[in-house]
Amino acid sequence: MEWAPAECTLPTEERPLRVAEFDELFASALRGLERVGPTHLRLTLDAGARVEETARDLTARETGCCAFFTFTLTPGREGLAVDVEVPEVHTKVLDGLVVRATEMSNRIAS
């Protein structure tokens, strides 16, 4: 996770595990991705209680170590919308998340 900022308090040795958790979520449940603005990303995940539970747990833990993230989860007919927002100074972190999500989504689509 070379795009992790200095403010991240997750121990370095745990970062690959967290990346793997996001990879699994993206690979198994990501259905859409929209860059709403430079500091705002919207992910659309599959609907369902298990996906929502996983996403809520993962985003809560991520906010615990990277407090600059704001995650808003909204269930809907199209699936689970996950809005990810960061301060302008952390747009590179959001860029990294976009790349990671796209890579994982493309692996499944191939």
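Trainee: What should I know about the model before the terms?
Mentor: It is predicted, so local features need pLDDT of at least 70 and side-chain atom pairs count only at pLDDT 80 or more, while totals for chains, interfaces and linings use all residues. Residues are numbered from 1 along each chain as its sequence is written, and side-chain values use heavy atoms, with hydrogens and water left out.

Trainee: Why are α1 and α2 called roughly antiparallel?
Mentor: Helix α1 spans residues 15-29 and helix α2 residues 49-65, and their axes cross at roughly 150°. Angles over 145 degrees count as roughly antiparallel, under 35 as roughly parallel, 65 to 115 as roughly perpendicular and the rest as oblique. The pair is therefore roughly antiparallel. The axes come within 11 Å; they are lines fitted to C-alpha atoms, for helices over the stretch in contact, and angles run from 0 to 180 degrees between N-to-C directions. Helices (H or I, at least four residues) and strands (E, at least two) are DSSP runs, numbered from the N terminus.

Trainee: Is the crossing of α1 and α2 left-handed or right-handed?
Mentor: The crossing is left-handed. That word is used if the near helix is turned anticlockwise from the far one by less than a right angle; clockwise is right-handed.

Trainee: Which residues make the contact between α1 and α2?
Mentor: On α1 they are R18, E21, F22, L25 and A29, and on α2 they are V51, T54, A55, L58, R61, E62 and C65. Contact means heavy atoms within 4.5 Å. These residues divide into 7 nonpolar, 1 polar and 4 charged. Ala, Val, Leu, Ile, Met, Phe, Trp, Tyr, Cys and Pro count as nonpolar, Asp, Glu, Lys and Arg as charged, and the others, Gly among them, as polar.

Trainee: What makes C65 and C66 buried?
Mentor: Buried means under 20% relative accessible area, exposed over 50%, partly exposed in between (1.4 Å probe, protein chains only). C65 has 7% and C66 has 2%, so both are buried.

Trainee: Why does E14 count as partly exposed?
Mentor: The relative accessibility of E14 is 36%, so it counts as partly exposed. E14 lies in the segment before α1.

Trainee: How do you know that D23 is buried, and what does it touch?
Mentor: D23, in helix α1, has 11% relative accessibility and so counts as buried. Not counting residues up to four places away in sequence, D23 touches R100 and M104. D23 and S105 are 82 residues apart in sequence, yet 8.8 Å apart in space, C-alpha to C-alpha.

Trainee: What makes L30 buried, and where is it?
Mentor: L30 is in strand β1, residues 30-37, and its relative accessible area of 5% makes it buried. Its contacts beyond four places in sequence include L25, L45 and A101. From C-alpha to C-alpha, L30 and L45 are 4.5 Å apart.

Trainee: Why is D83 called buried?
Mentor: The relative accessible area of D83 is 10%, so D83 is buried. D83 belongs to strand β4, residues 79-85. Among its contacts beyond four places in sequence are H40, L41 and F71.
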